Amino acid sequence: MALTLFNTLGRSVQAFEPRASGKVGFYGCGPTVYNYAHIGNLRAYVLHDVLVRTLRRAGFEVTHVMNITDVGHLSGDSDEGDDKMVKSAQERGKSVLEVAEFYAKAFFQDLQRLNVAPPTVICKATEHISDMIDLIKRIEARGCTYSAGGNLYFDITKFPAYGELARLRLDDLKAGARTEVDENKRNPHDFVLWFTKSKFENQALVWDSPWGTGYPGWHIECSAMSIKYLGETFDIHAGGIDHVPIHHTNEIAQSEAATGKHPWVKYWVHNEFLVLDKGKMSKSAGGFLTLQSLIDAGYDPLDYRYFLLGGHYRSQLQFSYQALESAKNARKSLLDRVIERINGLPPDAKPEKVSPGSKAETYLSAFNAALEDDLSTPRGLAELWGLLRDPEVSPADALAGAFDMDQILGLALKAEAEKRRGFEEPQELVAEIESLIAKRGEAKKVKNFAEADAIRRTLKERGIILEDRPAGTVWRRE
Ligand code: AMP
Ligand code: ZN
């Protein structure tokens with residue numbers, strides 16, 4: 001496999017070479033669980049899923065680590081604004097941990113509905129405070145910290161490579177165009193490692209530490225937990241594009257300062273934003289769309305997944321219900337193609353692998369090449385369509401190829417087609433339909449076409465479509 005990925009570190013498409021043969025350590029920044037995930041956030045996790053699935057299908061053993069932020073994330077990523085968790089808990093009259101548990105559960109339900117494979121390790125910030133303290137001690141031992149106003153800060157002047165990922169210029173660093181300035185900071189880009197003097201008087205969760213009782217800054221959790229589960233250096237780190245200038249820049253600074261190893265992470269993968277026609281979607285500004293709101297509007301979560309796959313992760317994607325409607329219709333026709341191919345299978349055929357040298361193999365190779373080319377899911381989808389549509393490809397080869405591609409696309413093609421075709425219908429209904437089909441067959445035999453047509457019509461009214469094929473009559477849901 002020759003996977004290439006656009007590495008934000010270096011800003012170029014690079015050949016993927018894991019640090020240890022056959023194994024990949026992958027960390028994707030997880031959600032801050034103070035509210036539901038919006039559909040923009042979910043774009044990030046579908047990308048992580050496509051990446052992990054691509055690597056696994058190619059035979060890599062992937063350890064996928066995802067954090068849950070339940071402490072320390074302020075509304076501004078550089079230590080300004082309100083504490084997101086505390087504010088949400090106050091508004092809802094609940095404890096921080098209750099809020100975290102509720103929204104984390106909702107988040108994982110969303111991932112499941114989007115057919116995102118569960119991460120190998122899910123780690124909560126509040127359960128890793130001692131790992132963070134240990135890491136901060138290492139940073140301190142390297143002389144990269146200072147205390148001011150009761151908080152412990154990371155001193156970016158002690159880390160000369162600061163800002164490499166984001167290509168920040170030193171003048172920019174000095175200018176520090178921030179809305180709210182923390183007067184304790186020597187440089188506006190210094191950041192908090194540990195808060196003891198919180199500006200929030202009712203800080204709900206605090207822990208003892210060598211720097212006093214308090215709580216961690218936001219960035220340290222990702223460094224501490226990724227190092228704990230993946231080692232001091234690892235292969236891939238992902239997150240939304242908004243994380244490049246602050247969160248990931250700070251993660252690199254503190255991790256490399258602590259371990260002295262460079263590069264901490266070899267490949268940085270960032271997804272562009274999902275935007276609404278009105279502009280940016282944001283969890284804190286309210287008025288955002290959730291997966292549940294799409295479901296309530298009559299869409300299947302996999303319609304949304306299909307919509308996401310239709311855009312390349314490095315391009316902004318504009319959401320509209322019109323675009324989602326097109327995705328829904330496209331997915332429906334795709335499933336119809338799959339059903340058509342299933343119906344066309346010879347009785348004992350088992351589509352497992354495409355036949356060597358077949359035209360299906362050409363589509364499959366083109367699909368693989370598209371995904372290997374920085375995860376081009378739009379081109380991958382086009383190959384899937386080509387394969388299922390091509391009359392020169394046999395049903396068995398078309399299905400084998402499509403199910404193989406689906407290991408990455410995650411559209412659950414087989415299960416969804418079977419559902420649509422009616423395999424999962426109640427047994428009594430299946431028996432009833434089959435007996436009506438038999439009755440219609442008998443009617444046709446004796447040329448009683450009026451009765452045959454009446455049976456077809458009655459079923460149509462109930463949303464069941466009959467199709468006459470050389471091998472017999474088959475049925476499917478409309
Ligand atoms: P948060 O829960 O706010 O920490 O964000 C979770 C993930 O969603 C992060 O990787 C963000 O970079 C990403 N993200 C936030 N907003 C969007 C958006 N509108 N489109 C795509 N990704 C986003
Ligand atoms: Zn992170």
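**Close-up views of a predicted model**

**View 1. The N-terminal end of helix α2 is capped by D83.** A side-chain oxygen of D83 lies 3.0 Å from the backbone nitrogen of M85. Helices are DSSP runs (H or I, at least four residues), numbered from the N terminus. Helix α2 covers residues 84-92, and its buried residues are K84, M85, V86, S88 and A89; buried means under 20% relative accessible area (1.4 Å probe, protein chains only). Helix α3 (96-113) is included in what covers these buried residues. G93 follows α2 and has a positive phi, near 65°. The model is predicted: local features need pLDDT of at least 70, side-chain atom pairs count only at pLDDT 80 or more, and totals for chains, interfaces and linings use all residues. Residues are numbered from 1 along each chain as its sequence is written, chains are lettered from A and ligands numbered from 1 in the order in which they are written, and side-chain values use heavy atoms, with hydrogens and water left out.

View 2. C222 in helix α6 (residues 220-230) and H247 in helix α7 (residues 244-259) are 25 residues apart, a pair that links distant parts of the chain. C222 counts as buried because its relative accessibility is 0%, and H247 counts as buried because its value is 1%.

**View 3. R331 lies in helix α10 (residues 321-343).** R331 counts as buried because its relative accessibility is 8%. The side chains of R331 and D303 are joined by a polar contact of 2.7 Å; a polar contact is a pair of N or O atoms within 3.5 Å, and within protein one must be able to donate a hydrogen and the other to accept it, while residues adjacent in sequence count only if both atoms are side-chain atoms. Not counting residues up to four places away in sequence, R331 touches D300, L302, D303, Y306 and E416, where contact means heavy atoms within 4.5 Å.

**View 4. Domain 1 (4-271) and domain 2 (291-421) are two parts of the domain assignment.** The C-alpha centres of domain 1 and domain 2 lie 34 Å apart. Their contact takes 24 residues from domain 1 and 34 residues from domain 2.

Conventions
Helices (H or I, at least four residues) and strands (E, at least two) are DSSP runs, numbered from the N terminus. Buried means under 20% relative accessible area, exposed over 50%, partly exposed in between (1.4 Å probe, protein chains only). Domain bounds come from an automatic or database domain assignment.
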